[in-house]
Structures are given as C-alpha cells and as structure tokens.
Amino acid sequence: MTSDQAQISQPREAATTLSPEAVQRAADALLAVRRGAPPITALPAGAEPASYADIYAIQDAVTAQLTPAEGYKLGKLPDGFMCAPLHRETVRRRPMLSAAALTQPLVEAELAFRMNRDIPLGISAAELREAM
C-alpha cells in the first residue's frame with residue numbers, strides 16, 4: 001500500500017508543485033542520512049515541500065527504495081491525518097531494543113495493533129475494537 005492508498009490519510013492535493021527531479025533530490029538526501037550520512041538540517045534547495053502533495057511525493061520516492069511496509073503510523077493534524085509507512089527493518093517485535101542499534105536514540109512511544117481485517121473509513125469505536 002502506498003501512502004495515497006491509505007484511506008485515513010490527509011487527502012492529497014491535485015498535484016505536487018515539485019518536479020520529479022526535485023522530489024528525487026529530496027528523497028536521495030533523506031535516504032543518504034538513513035544509510036549513514038551525517039544528519040541534515042534542510043533538504044536541498046528547490047526540493048523543499050510546500051504542500052501535502054509534495055510531502056507524500058517525497059515519502060513515496062523514499063518508500064520505493066526501502067523494504068515493504070509492515071504497517072502505517074498516523075499523525076493527527078488540525079484538518080485531518082497524515083500517514084507514513086513503518087518499514088520492515090524498523091519494526092521491532094521484542095519489548096527490548098539496544099540503543100546501539102539506533103543512530104540517535106530518542107524516545108517516541110508508539111503502540112501497534114494487529115488488525116484482523118481491513119478498516120473502512122467511518123468505522124465506529126466498537127467495530128474498531130472488534131477488528132483488533
């Protein structure tokens with residue numbers, strides 16, 4: 001599933017304002033850090049996202065270079081949600097994780113639920129509990 005298929009995500013705008021080359025430059029910069037390059041403080045000039053469509057285009061370009069998604073994380077925005085894939089190499093199934101395995105360890109608490117079926121948009125809380 002790509003981020004534009006995630007039903008609960010923030011609706012994408014009609015089109016990205018970035019050129020395909022700019023999207024790829026941004027993705028390459030993020031991938032380089034993920035693969036061990038020093039952290040960056042900004043994306044390359046001309047490759048800065050200015051809309052949700054730009055953000056998702058960059059995310060999709062990064063995702064295309066990584067392992068398949070094991071799930072998605074959601075973030076609440078004032079006007080909806082955004083989603084991002086959780087890639088296989090970042091999902092840990094044990095309660096312990098060595099800090100040495102992290103580039104720059106930070107604390108970010110996340111809970112994951114395994115669902116037994118697809119979750120349609122507009123589902124009730126009771127139906128959601130039944131799907132877990």
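Helices (H or I, at least four residues) and strands (E, at least two) are DSSP runs, numbered from the N terminus. The model is predicted: local features need pLDDT of at least 70, side-chain atom pairs count only at pLDDT 80 or more, and totals for chains, interfaces and linings use all residues. Residues are numbered from 1 along each chain as its sequence is written, and side-chain values use heavy atoms, with hydrogens and water left out.

**View 1. Overall arrangement of the protein.** The protein contains 3 helices and 2 strands, which follow the pattern α-α-β-β-α along the sequence. Of its 132 residues, 21% count as buried (buried means under 20% relative accessible area, exposed over 50%, and partly exposed in between, with a 1.4 Å probe and protein chains only). Among the contacts with a separation of 6 or more, 51% are made by residues 24 or more positions apart; contact means heavy atoms within 4.5 Å. The accessible surface comes to about 9,500 Å², and carbon and sulfur atoms hold 59% of that area. Accessible areas come from the Shrake-Rupley method with a 1.4 Å probe, and for residues only the protein chains shown count as cover.

**View 2. Helix H1 and the glycine that follows.** H1 has 15 residues and reaches 21 Å from its first C-alpha to its last, close to the 21 Å expected at 1.5 Å a residue. The expected span of a helix is 1.5 Å times one less than its number of residues. Ala22, Val23, Ala26, Ala27, Ala29 and Leu31 are the buried residues of H1, and their cover includes H2. Glycine 36 follows H1 and has a positive phi, near 120°.

View 3. Alanine 50, in the loop between H1 and H2, is exposed, with a relative accessible area of 65%. The C-alpha atoms of alanine 50 and leucine 18 are separated by 8.4 Å, although these residues are 32 residues apart along the chain.

**View 4. The S1–S2 hairpin.** Strand S1 (residues 69–77) pairs with S2 in the antiparallel sense over 8 bridges; two strands pair if DSSP finds at least two bridges between them. The two strands form a hairpin with 2 residues between them. Glycine 75 stands opposite methionine 82 in S2.

**View 5. The salt bridge between arginine 88 and glutamate 70.** A salt bridge is a side-chain nitrogen of Lys or Arg within 4 Å of a carboxyl oxygen of Asp or Glu, and the count by this rule comes to 1. The side chains of arginine 88 and glutamate 70 meet at 2.9 Å, N to O. Arginine 88 lies in the loop between S2 and H3 and glutamate 70 in strand S1, so the pair ties together parts that are 18 residues apart in sequence. Arginine 88 is partly exposed at 45% relative accessibility, and glutamate 70 is partly exposed at 34%.

**View 6. A nonpolar surface patch.** Phe113, Met115, Ile119, Leu128 and Met132 make a nonpolar surface patch of about 420 Å². Patches are made of residues with over 30% relative accessible area and no salt bridge; like charges are joined within 9 Å, and nonpolar side chains (Val, Leu, Ile, Met, Phe, Trp, Tyr) within 5 Å. Methionine 132 lies in the segment after helix H3 (125–131) and is partly exposed, with a relative accessible area of 43%.
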